[in-house]
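Work through the exercises below with the sequence and the model open. Each task is followed by a solution in steps.

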Amino acid sequence: MSLSDSETASSEYKPFRQISRDRLLYEMLGSAKSGDSKAWKVLIMDKVTVKVMSHSCKMADITDQEVSLVEDLFRRRQPLPTLDAVYFMQPIKENIIMLLSDMSGREPLYRKAFIFFSSSVPKEFINHIKCDTSILPRIGALREMNLEYFPVDSQAFVTDQDRAMEELYGNIENTRRVNTCLNVMATRIATVLASLKIAPVIHEWTYDAMCHDLLDMEGNKYVQQVPSKTGGEPEKKEFILDENDPIWFELRHSHIADASERLHDKMTTFMSKNKAAQIHQSGRDGGEISTRDLQKMVQALPQYTEQMERISLHVELAGKINKIIRDAGLRDLGQLEQDLVFGDAGAKEVINFLRTKQDTTVEYKLRLLIIYAIVYPEKFEGDKATKLMQLAKLSPDDMKVISNMQMLAGSSIRKTSNASSFSLKFSNQKTKQAARKDRTDEEETWQLFRFFPMLEELLDNLHKGQLPKSDYSCKNEPGAPVQGGSAKGGQRTQPAAANTPHSMRSRRTANWGRSRHSDDGYSSDSMLKNVSTDFKKMGKRIFVFIIGGATRSELRVCHKLTTKLRREVILGSSSIDDPPQYITNSPEDLLDVHNQARAEVGVGPLSWNETLAAYAQSYADKRIDDCEMEHSMGPYGENLAMAYENMDGTDAVKLWLTEKENYDPSSNTCKNDECLHYTQIVWRDTVQVGCGRSKCKNGWMFVICSYAPIGNIEGQRPY
């Protein structure tokens, strides 16, 4: 964690995501001009830089910079010798080779090449380009953009390393894997600083967090089924939930109950004020529609349709979330989770919940016990853990997850009285253990909104200059606090907060949704009220990076503290983790998807084998450099998969299972030899499996599952 020292009162202060967008559009695309300033150009990117671009800019933004075509560097491309090309790419050997192939020789693909690298370029690559004399006159620009991070919010970014925790703190003997992870992370963090010139298991009850926790979303993309215009089967339509969606921007950090009420109000207001909606409703009720009314309806129809579609989408999302909350009994579970964190519940309440809520899913029981293990690690010593496992009906593999979390928290026997430890700060001075202290200086308006991550306390103390030097020896000395108005060097003073009265609601109130008239600094009302704040009045940025994954709770805190401290808090992490991704893909998940397919054909279940898993992971690590789909030629059966983005183990198994339709049991043959992944999965004599996964340097995911005994033996049937 560090402070940006570059902002001054005279410089223009821009929000973090806007800086990324402006650099890409104006510093890169806008500057790529040759003789004809109005000439169209081609934008060429690799797999990583296209993701960088898509996280900051829309296609309309790109075309506004006279870009007529966006191309993949590694796809076959049509020669366009009359157009200039902008290359935005990583400085890696494969990309340099493709660049030289495009632009050298007698007939280059493009007129001129404006080359922008996403990070620092090794000197040997520059020399390699200089050695080709035919390409030098065709280079219009050669620059390091130093922009290789992925903004996921107006104040947050990731380095796209969702396995960083495992790679850095798992097998520490694998130094090559550790160094690769750290090098990528360091490079991408450095590009953030250059641009600025400077455990997620508890249920988070904001609209944003609930969408990512409970709904089937891919990043910020939600797929909604809409009625077909032709009257056929419902069609699928994709919606992106980001700052460009005004309803999402307003409600994302609101409590889900608050968001639901506001959406109801929005729908009611819209239907009462929109002329097209009134006429449409009148027609549905049997009223006669005049020609004049029809004309007004047609005029208002485009705006009505767009607004109605957007409001209906969010009403549907909130409705689905609330139904899941009711059906899964998440209110009781959420109450217990937060009571555990604040020391208001212990073993008795957890045991009672597990006994009375037998239908709670394995995932939710696992999440509850992870929290319990962190707050009460001594309860998992000896045979206590076994008894809890039996009561919760969890597998030994699930208990390994809990044991690992317990070790991260540390045993209570080893705890000292040092209250300034960076970990979870268990209080030994209280009768009850608690991982958090209730905040007595803030009004809480919504039940199940008590939880706050340690990041909030840490940043608050940093701002006040109260972090102990002994624990944070590398921190910068704090500047003067912030106050509205400008002062020399960007240093300002902040008035003391008024000692206003506040109310404390009951911890045990039965009504989980309270009044929505709140101004807590991070509700949507407060955020919207401060959106138009003059950024020149902001103090120095606070930059935070979390290794191993950040959560939606921490993202919410950054927005809240930006308003409270009058300093933009930028959150960076190796990934943004949502509970489903954090919990899933245990050996149990991989076994489930395998064994379901085997049960369909009457074959017995597989069991997990750690030796096979270690072999698979070792081979996956060897493929980090090239990501080649080459088999290990080892002693086991083997399935491989590779895909861009965040493909996990279960995704790979489901991909292999799509080959089922290619297998003909009557003749024991495959269509085009494309069923061998499937037949290995259901091979009767195979009884054990182990899987591994690695993220390659090119951003692709490599997944391998190893099987024993080996399947796909020629002349034999799988079952």
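**Exercise 1.** In this predicted model, find the helix in which methionine 165 lies, and decide how exposed methionine 165 is.

Solution. Step 1: methionine 165 belongs to helix H6, which covers residues 164-169. Step 2: its relative accessible area is 35%. Step 3: buried requires under 20% and exposed requires over 50%, so methionine 165 is partly exposed. Step 4: Met165, Tyr169 and Ile547 make a nonpolar surface patch of about 280 Å².

**Exercise 2.** Identify the residues that touch the most other members of the largest nonpolar core, and name the domains it draws on.

Solution. Step 1: the largest nonpolar core has 54 residues, and Met28, Leu29, Leu43, Met53, Phe88, Phe116 and Leu571 touch the most other members. Step 2: domain 1 (16-148) and domain 2 (152-194 + 452-461 + 536-578) each supply at least three residues to this core. Step 4: in soluble globular proteins, nonpolar side chains tend to be buried together.

**Exercise 3.** Assign a handedness to the disulfide of cysteine 627 and cysteine 696, and locate both cysteines in the chain.

Solution. Step 1: the torsion about the S-S bond is about 70 degrees, so this disulfide is right-handed. Step 2: cysteine 627 sits in the loop between helix H23 (610-622) and strand E14 (637-644). Step 3: cysteine 696 sits in the loop between strand E17 (688-695) and strand E18 (700-708), so the pair links distant parts of the chain, 69 residues apart. Step 4: cysteine 627 and cysteine 696 are both buried.

**Exercise 4.** Is the disulfide of cysteine 670 and cysteine 675 left-handed or right-handed, and is cysteine 675 buried or exposed?

Solution. Step 1: the S-S torsion is about -45 degrees, so the link of cysteine 670 and cysteine 675 is left-handed. Step 2: cysteine 670 is partly exposed at 24% relative accessibility. Step 3: cysteine 675 is buried, at 0%.

Methods
Residues are numbered from 1 along each chain as its sequence is written. This is a predicted model: local features need pLDDT of at least 70, side-chain atom pairs count only at pLDDT 80 or more; totals for chains, interfaces and linings use all residues. Side-chain values use heavy atoms; hydrogens and water are left out. Patches are made of residues with over 30% relative accessible area and no salt bridge: like charges are joined within 9 Å, nonpolar side chains (Val, Leu, Ile, Met, Phe, Trp, Tyr) within 5 Å. Accessible areas come from the Shrake-Rupley method with a 1.4 Å probe; for residues, only the protein chains shown count as cover. A salt bridge is a side-chain nitrogen of Lys or Arg within 4 Å of a carboxyl oxygen of Asp or Glu. Helices (H or I, at least four residues) and strands (E, at least two) are DSSP runs, numbered from the N terminus. Buried means under 20% relative accessible area, exposed over 50%, partly exposed in between (1.4 Å probe, protein chains only). A nonpolar core is a set of buried Ala, Val, Leu, Ile, Met, Phe, Trp, Tyr and Cys residues joined through side-chain atoms within 4.5 Å. Domain bounds come from an automatic or database domain assignment. A disulfide is a pair of cysteine sulfur atoms within 2.5 Å.
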